[in-house]
2 protein chains.
Amino acid sequence: MAVDRKQLILEAAKKSFSLFGYKATTMDQVAKLANVGKGTIYTFFKSKEEILDEIVTSLIKDMKTEAEKAVDPNLSFEENIHRVLLRLLEFRKSHQLTIKLFQEEKELGTRAVSDVIQRVEKAVIDYMKGIIQEAVDRGEIKECNPEITAFVMLKTYIALIFDWEKQHPPIEKEEISKLFRLYFFEGLGK
Amino acid sequence: MAVDRKQLILEAAKKSFSLFGYKATTMDQVAKLANVGKGTIYTFFKSKEEILDEIVTSLIKDMKTEAEKAVDPNLSFEENIHRVLLRLLEFRKSHQLTIKLFQEEKELGTRAVSDVIQRVEKAVIDYMKGIIQEAVDRGEIKECNPEITAFVMLKTYIALIFDWEKQHPPIEKEEISKLFRLYFFEGLGK
DNA sequence: AAATGACCAAATGAACAAATTAGTCATTAC
DNA sequence: GTAATGACTAATTTGTTCATTTGGTCATTT
């Protein structure tokens, strides 16, 4: 079978988005990178935005795989959710595409990019929601609204990992784990 | 004694910053609003930014007063810190100046405004830090890093009040109080 | 039938002109 | 004499023009 042109286009676009961002990537560039006529792109995708959407859909799939690798059924819910969050935020921190996208959202506020980031966040929360619901069902943790809990946990991790570093030296993984246990599981109360 | 010109200028600037934002406020406008010559402004302040700084310094003082009013020594630390946070975020939510400033920081990214918001956040965290340290000393809550704890609590509240509302119906005050107790004091663990 | 790139209308941004602005300072008012 | 002023200026911002670039189409080629 000949080369999969759609795949070529997706890879070219992903590379270009990662390197230059969404807005700065031109369709001519993608066509050239993919070794394909520009028109060909439009036989597979109806717009530039649709390419980004498809790339992010597969990104979300990758993140899910990554998250699942972090889960170990022998460990407690507490340990698992911590590992999932760390792994996902590590992913976000180390993958060119996500870095560029978050940067573009903050600096340019490109709408298509905002939309797509929203989608990633929702996917993460949905995934965590599932894990939390299971833990509640298993009786491992107290009754709680899984969506709000997932939301608060994610925001807390982002605050500890991304926001804290803006003004202070980074907190060690081990330390974050301790903080997380203290705040969310044991509680500050005596 | 004649009218306090410096105060007139501060009030005019505050009004204009609240109405149009920092960047969109001109010194001519402030002078006109304050009924003084533009040159007079520069006998009290060395720049537009210094006016903003002074206004924010007094804003921080107001917030501190507001926060102190929320504290009731008969209540538990848990209840007090919750009341302080709610009161401060209520303040931020309902005061024209803070609304405009946060909006301008997000939309325009004006540097002087970013600096000043940073300062407000630091002041809030410092204040909370003190309350937390006291509670630790009193043995009311577990040993913890007061600064990180204050930081995480503030971020959590902002997430619950501002970020959650972007996508969901707002959470009731009473509900936020419950969530806060659950996550930070009792912990999810059984 | 699939792929292509010349083509087009719309969007962008470089370049320049005009207007506005923060801050100064010689003059004025008291 | 000194506190206040607003006309002035250098610098920045804004509006405008217009050539270039861009996303997307489609007649032609393979």
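Copies of the chain are superposed by least squares on the C-alpha atoms of residues with pLDDT of at least 70 in both. The structure shown in the following views is a predicted model.

**Figure 1. The rotation axis that relates chain A and chain B.** Among the residues of chain B, Gly187(B) comes closest to the rotation axis, with its C-alpha at 2.0 Å. Chain B is superposed on chain A by a rotation of 180 degrees, with 0.0 Å of shift along the axis and an RMSD of 0.1 Å. The two copies are therefore related as by a two-fold rotation axis. Of the interface residues of chain B, 100% are also interface residues in chain A, so the copies meet through the same surface.

**Figure 2. The fold of chain A.** Chain A contains nine helices and zero strands. Followed along the sequence, the pattern of chain A reads α-α-α-α-α-α-α-α-α. The C-alpha trace of chain A spans about 65 × 40 × 25 Å along its principal axes.

**Figure 3. The protein surface near DNA strand C.** There are 14 residues around DNA strand C, of which Arg5(A), Gly39(A), Thr40(A), Met27(B) and Lys38(B) come nearest. Of the atoms of DNA strand C that come within 4 Å of the protein, sugar and phosphate account for 60%. By class, this surface near DNA strand C has three nonpolar, seven polar and four charged residues.

Figure 4. An N or O atom in the side chain of Arg5(A) is 3.0 Å from a phosphate oxygen of DNA strand C. At a base of DNA strand C, an oxygen is 2.4 Å from an N or O atom in the side chain of Lys38(B). The elements that give two or more residues to the surface near DNA strand C are α3 of chain A and α3 of chain B.

**Figure 5. The protein surface near DNA strand D.** Around DNA strand D there are 14 residues, and Met27(A), Lys38(A), Arg5(B), Gly39(B) and Thr40(B) come nearest. Sugar or phosphate holds 58% of the atoms of DNA strand D within 4 Å of the protein, and the rest belong to bases. At least two residues of the surface near DNA strand D are supplied by each of two helices, α3 (38-44) of chain A and α3 (38-44) of chain B. The residues of this surface divide into three nonpolar, seven polar and four charged.

**Figure 6. Polar contacts to DNA strand D.** In chain A, a polar side-chain atom of Tyr42(A) lies 2.8 Å from a phosphate oxygen of DNA strand D. In chain B, a backbone N or O atom of Gly37(B) lies 3.0 Å from a phosphate oxygen of DNA strand D. A polar backbone atom of Gly39(B) is 3.2 Å from a base nitrogen of DNA strand D.

**Figure 7. The second largest pocket and its lining.** The volume of the second largest pocket is about 170 Å³. Its lining is made up of Val71(B), Pro73(B), Leu75(B), Ser76(B), Phe77(B), Asn80(B), Tyr127(B), Ile131(B), Glu134(B), Arg138(B) and Glu140(B). Two helices of chain B, α5 (77-94) and α7 (111-137), are the elements that give two or more residues to this lining. The largest share, three residues, comes from α7(B). By class, the lining of the second largest pocket has six nonpolar, two polar and three charged residues.

How values were computed:
Residues numbered from 1 in each chain as written. Chains lettered and ligands numbered in written order. Predicted model: local features only at pLDDT ≥ 70, side-chain atom pairs only at ≥ 80, totals over all residues. Heavy atoms only, no water. Near = heavy atom within 4 Å. Polar contact = N/O pair within 3.5 Å; in protein donor to acceptor, adjacent residues only side chain to side chain. Helix = DSSP H or I, 4+ residues; strand = E, 2+ residues; numbered from the N terminus. Nonpolar A, V, L, I, M, F, W, Y, C, P; charged D, E, K, R; others polar. Contact = heavy atoms within 4.5 Å. 1 Å grid on protein atoms, 1.4 Å probe; cavity = no way out; pocket = protein on both sides within 12 Å on 5 of 7 lines; lining within 4 Å. Points joined across faces, edges and corners; volume = space filled by probe spheres on them.
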